[in-house]
Amino acid sequence: MDYNYFTYEGKIYKIIYKRKRIKNVIFHLNDDVFNISLPYREKEEKAYQLLNRYVGKKLIERSIKKNYFLLDKYIYVFGEKKFCFPNGKYFILNKYISFNTIDEFYEKIKSQYLEYLIDRVNYFKSKMGITTNYLIKVRKMNRTFGNNCKSKKTLTFSFVLIHYSKEVIDSVVIHELAHDLFFDHSSNFYNVVYNYCPNYDILRKQLVKGEFL
């Protein structure tokens with residue numbers, strides 16, 4: 001096996017190993033390159049197994065967040081690049097707003113974003129024949145873009161989704177609603193997803209890679 005490359009969602013990442021006087025393996029992702037620091041006696045194979053098991057996915061999805069916002073320059077909203085006016089304000093969701101941090105942006109658009117998600121959930125509930133009366137929430141989520149807690153009848157979506165195209169957002173809504181019918185990620189589950197979102201695989205790759213347009 002080649003331990004010098006890591007593939008995730010069809011994209012290939014180069015791996016560079018460095019030996020250091022340390023006790024534990026340290027992973028960093030910079031510009032599509034994994035830099036892995038190893039203790040002198042640690043095998044590259046073990047580090048690669050950790051990368052392949054969960055570390056690689058976690059670092060890649062975390063790196064996505066670095067691309068959707070540059071203060072006083074631009075921000076992606078529903079897949080469109082919104083540029084900052086000279087007065088420091090953006091025209092977003094039919095109103096002018098200003099913000100200094102991404103958290104402040106989320107707070108200012110929360111009500112409109114939530115309203116949009118409620119509308120899309122209700123639309124697909126009707127198409128998919130789902131009758132569960134879900135409470136819809138939005139919040140910061142580090143490990144996933146959406147969650148279906150069927151026991152509490154709650155659908156939770158990540159703030160980060162607002163930066164993606166509406167088609168990508170719909171794919172996440174469909175994914176979470178499909179869990180109303182099948183809790184796991186079985187073939188039956190994906191049959192439902194593909195039925196209502198035939199290009200789900202393409203949209204999923206855009207989501208993971210941080211392709212907002």
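## Overall layout

The model is predicted. The chain holds five helices and 12 strands. Its C-alpha atoms fill a box of roughly 55 × 50 × 30 Å along the principal axes. Of the 213 residues in the chain, 43% are buried.

## The largest pocket

Rolling a probe the size of a water molecule over the atoms shows where empty space is left. Here the largest pocket has a volume of about 330 Å³. Its lining consists of 18 residues. Closest to the pocket centre are Thr-144, Gly-146, His-175, Glu-176 and His-185. By class, the lining divides into five nonpolar, eight polar and five charged residues.

Several elements contribute to this lining. Helix 1 (44-63), strand 11 (146-149), helix 3 (166-178) and helix 5 (200-209) each supply at least two residues. Helix 3 gives the largest share, with four residues.

## Helix 5 and its end

Helix 5 is one of the elements that line the largest pocket. Its residues Tyr-200, Leu-203, Gln-206, Leu-207 and Val-208 are buried. An α-helix has 3.6 residues a turn, so residues three or four places apart point the same way.

Just after helix 5 comes Gly-210, which takes a positive phi of about 75°.

Strands of a sheet pair through backbone hydrogen bonds, either parallel or antiparallel. In this model, three strands form an open sheet in the order 5-6-7, with antiparallel pairing. The edges are strand 5 (69-70) and strand 7 (80-83), and each of these pairs on one side only.

Strand 6 (residues 74-77) and strand 7 are joined by four bridges in the antiparallel sense. Within this pairing, Tyr-74 stands opposite Phe-83 of strand 7. The ring of Tyr-74 also has a charge over it: the charged end of Lys-81 sits 4.2 Å from the ring centre. A further Lys takes up such a position elsewhere, with Lys-166 over the face of Phe-78 at 5.3 Å from the ring centre.

## Aromatic pairs

A pair of aromatic rings is described by the distance of the centres and the angle of the planes. The model has 22 aromatic pairs. One of them joins Phe-6 and Phe-34 edge-to-face, at 5.5 Å centre to centre and 90° between the planes. This pair links distant parts of the chain: Phe-6 is in strand 1 (residues 5-8), Phe-34 is in strand 4 (residues 33-39), and 28 residues separate them. Both Phe-6 and Phe-34 are buried.

Phe-145 and Tyr-164 form another edge-to-face pair, at 6.2 Å centre to centre and 85° between the planes. Phe-145 lies in the loop between strand 10 (135-139) and strand 11, and Tyr-164 in the loop between strand 12 (154-158) and helix 3, so the pair ties together parts that are 19 residues apart in sequence. Both Phe-145 and Tyr-164 are buried.

There is also an aromatic cluster. Phe-69, Tyr-90, Phe-99, Phe-105, Tyr-106, Tyr-113 and Phe-159 form it.

## Loop residues

Asp-180 is found in the loop between helix 3 and helix 4 (187-196). Asp-180 has 10% relative accessibility, so it counts as buried; the cut-off is under 20%. The C-alpha atoms of Asp-180 and Ile-118 are separated by 16 Å, and the two residues are 62 apart along the chain.

Two loop residues have a positive phi without being glycine. Asn-94, with phi of about 65°, is one. Asn-94 is found in the loop between strand 8 (90-92) and strand 9 (95-97). Its relative accessibility is 72%, so Asn-94 counts as exposed.

Lys-153 is another, with phi near 55°. Lys-153 is found in the loop between strand 11 and strand 12. At 45% relative accessibility, Lys-153 counts as partly exposed, because that class covers values between 20% and 50%.

Technical notes:
Residues numbered from 1 in each chain as written. Predicted model: local features only at pLDDT ≥ 70, side-chain atom pairs only at ≥ 80, totals over all residues. Heavy atoms only, no water. 1 Å grid on protein atoms, 1.4 Å probe; cavity = no way out; pocket = protein on both sides within 12 Å on 5 of 7 lines; lining within 4 Å. Points joined across faces, edges and corners; volume = space filled by probe spheres on them. Nonpolar A, V, L, I, M, F, W, Y, C, P; charged D, E, K, R; others polar. Buried < 20%, exposed > 50% of the residue type's maximum accessible area, 1.4 Å probe, protein only. Pairing = 2+ DSSP bridges. Phe/Tyr/Trp six-rings, centres within 6.5 Å; stacked < 30°, edge-to-face > 60°. Lys NZ or Arg CZ within 6 Å of the ring centre and 35° of its normal.
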